[in-house]
Amino acid sequence: MRASDAIIKSLEEEKVHMIFGYPGGAILPFYDSLRTSNIEHILVRHEQSAAHSASGYARATGKVGVCTATSGPGATNLITGIATAYMDSIPLVIITGQVDSNFIGKDVFQEADITGATEPFTKHNYLVKNAQDLPKIIKEAFYIASSGRPGPVLIDIPVDIQKEHIKYDYPKSVNIPGYKPTYEGHAGQVKRALQKLKASQKPLICVGGGIICAKASKELKDFAEKAKIPVVHTLMGIGALPSDSPYYVGMVGSHGHSFSNQIVMESDLLMIIGTRVGDRATAGMKLLNEKQNIIHVDIDPAEVGKNIDTTIPIVGDAKNILKQFSNKCTTLQTDAWMEKINQLKETYHKEELDASHVNPKKALNFLSKVVDDEAILAADVGQNQLWAARNFKIKGNRKFFTSGGLGTMGYSLPAAIGAKLAFPEKTVICVVGDGGLQMSLSELGTILENDLNIIILLFNNSRLGMVRELQDIHYESNYFSVTLNKNPDFVKIAEAYGLPGKKVTSQKEFEETIQGALTSKKGYFIECVVDSDFSTL
Amino acid sequence: MNRHVLSVLVENHSGVLSRIAGLFSRRGYNIDSLSVGETENPNISRMTITVSGDDYMLEQMKKQLNKLINVIKVVELQPEKSVYRELVLLKVKADLTHRAAIIETINIFRGNIIDVSNETLTVELTGDFGKIAGFTELMAPFGILELVRTGFTGLQRGNTQLAE
Ligand SMILES: Cc1ncc(C[n+]2csc(CCOP(=O)(O)OP(=O)(O)O)c2C)c(N)n1
């Protein structure tokens, strides 16, 4: 069998239905085999978007996302998308073409050392030297990408190897001596954790994206409700616990809710689950008052103890460990603690609204009320991201995607495309700023070609808002290189790509337009004119 | 800052060394010495890495190494329970006036002279940290012309094996 056919067959074995990519000479044998397969290929407009779309697809489905590109520039264009997925622990398999094996290392046309380049931000990568190894490598790649702490795995395949003939035999299992993730929590550690918990007056759970990776939302809810423990979350942990749960508190971190940060500091026992305790999540808090016990649960042993000292480390899968917790825990007396939290939340200052512009916070709150419980919202990076993170409520089956770790502008539009292609019947909303939109504007072409009904919500403040705010706070408002005063007519651009659109300048107009957009069959582009001084928090 | 010796079993693939070296530099850790070679099993190589760092750094180095898919096992060699060796080749200025004294020192350290010229001697010496430091210190006044070290290797003493 042709090696390229073997690759496709292996992908079919892995139940791959869709690949996001962009062709070129060094990947053509693969494309030629893909042409006659049942796997759908989505031609994006830039390789970076192929990785982001695959990532959106992976987040929406919980499966491994697959993307592909040619050697050299195709492969290097993928890099930001791969690093984005790595930081957020998103399972991807990336297949790149490479120049002929005889030419590797000779700096020939379109050669780039992509395995070398992506080594720091892939979970693992392969340069295929022997065509016969392909099925085994693909099997391993999917296993590594999706097991333990998920992440991107890249397979670089020289073009001559794609053309060879091999004996196809897909392995049934993998055996990688150095890779044996731990799934069960150590029983002794779990017991110790529960003992500490029992003695606690003000327990608190802090969750991150690990809960979503582990599909452990139900187990989290069960445990929090049974033991009566309040829950805060990081940016990546949005959606881990529905916001209408009585134990839901809010988001922590530099852009979290101030009351959540305060609660973290006041708690006497903090259970951290599936979060690496990133610097943004702990900014604005003085963690670790001496009396605080810290229990850290993570599937990646290297995260435990990396950023914070732990009293009790537990390595394993969040779903299993939460089940272990629920089975053995007792109900705690937390009524007074919960009451205090709820009071704090209520005193949280309520915003006045500005009538001459769209108030993004109000807009996202409103969107929360009118959108169904299956909707997926992909937020870009910047103020728009945090307006969405703080104001779009996650309940039911709603999902929130954003580039939390790397903070990659241009993420949300291609990620929304990946999510929509995974679930064509779901409402998918892309929230983006005028800066970020222009980093992936070309993907309107992918939307047009695939006739995708996506709602794009542009918050146009004619600024790189978030950076401008930093110059406000740290550089005495000496603004520099943050104005986008000569923005194009975005609605016209959207229309040129076949998307109906509207520019809205008031809250009332926004509310009417979004309701129309939600019932539109064609997708819709809404440009909200936002006051450039409007703050993030 | 303490010195630690890590013994690491890895799959014998190309690219593994660069992954490991990259991991250290990327995380801001310094490798003092690194030696690699195939083991009794040709699919597996063994690296001996000496690093300096506090307990937190050491813990992180071990965990991050373990995270690499090609890394099979990482252990820290405890000085009292391990043997360490390093090979040094050293070329020293040795005219007739000093030659006898130099040869005497070499013999005391059980080094071997492997090359001689009118003006120089080249010595091979194996030993642990202390022996090599002691020897180079004594050679320095004569004038060390060139020196090359292989980096430390080590094994646990007795019956213990770092099996897969
Ligand atoms: C690829 C990339 N380049 C630069 C940045 C730095 N950055 C963070 S937020 C931001 C401003 C984003 O502006 P815009 O997309 O208009 O969104 P807003 O903050 O105004 O909502 C910039 C430039 C980034 N996060 N990603």
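Let us begin with the ligand, keeping in mind that this is a predicted model. Three helices of chain A, namely H16 (383-391), H18 (434-437) and H20 (465-474), each give at least two residues to the shell around the ligand. In total, 17 residues surround the ligand, and the closest are A:Gln383, A:Gly407, A:Gly435, A:Gly436 and A:Gly465. By class, this shell holds nine polar, six nonpolar and two charged residues.

Now look at the backbone in this region. A polar backbone atom of A:Gly436 is 2.7 Å from an oxygen atom of the ligand. A backbone N or O atom of A:Gly435 lies 2.8 Å from a ligand oxygen, and for A:Arg463 the corresponding distance is 3.0 Å. Of the 580 Å² of accessible area that the ligand has on its own, the protein covers 77%.

Next, move to the place where the two chains meet. Here 17 residues of chain B are in contact with 19 residues of chain A. Together the chains bury about 1400 Å², with 47% of it on carbon and sulfur atoms. On the chain B side, B:Arg19, B:Lys67 and B:Ile69 lose the most area to chain A, together 43% of what that side buries.

The interface also has two salt bridges and seven residue pairs in polar contact. You can find a salt bridge between the side chains of B:Arg26 and A:Glu119, at 3.5 Å from N to O. Helix H1 (16-26), helix H2 (55-67) and strand E4 (71-77) of chain B each give two or more residues to the side that touches chain A. The largest share, six residues, comes from H2(B).

Key
Residues are numbered from 1 along each chain as its sequence is written. Chains are lettered from A and ligands numbered from 1 in the order in which they are written. This is a predicted model: local features need pLDDT of at least 70, side-chain atom pairs count only at pLDDT 80 or more; totals for chains, interfaces and linings use all residues. Side-chain values use heavy atoms; hydrogens and water are left out. Contact means heavy atoms within 4.5 Å. Buried area is the accessible area (1.4 Å probe) that two parts lose on being put together, summed over both. A salt bridge is a side-chain nitrogen of Lys or Arg within 4 Å of a carboxyl oxygen of Asp or Glu. A polar contact is a pair of N or O atoms within 3.5 Å; within protein, one must be able to donate a hydrogen and the other to accept it, and residues adjacent in sequence count only if both atoms are side-chain atoms. Helices (H or I, at least four residues) and strands (E, at least two) are DSSP runs, numbered from the N terminus. A residue is near a molecule or strand if one of its heavy atoms lies within 4 Å of it. Accessible areas come from the Shrake-Rupley method with a 1.4 Å probe; for residues, only the protein chains shown count as cover. Ala, Val, Leu, Ile, Met, Phe, Trp, Tyr, Cys and Pro count as nonpolar, Asp, Glu, Lys and Arg as charged, and the others, Gly among them, as polar.
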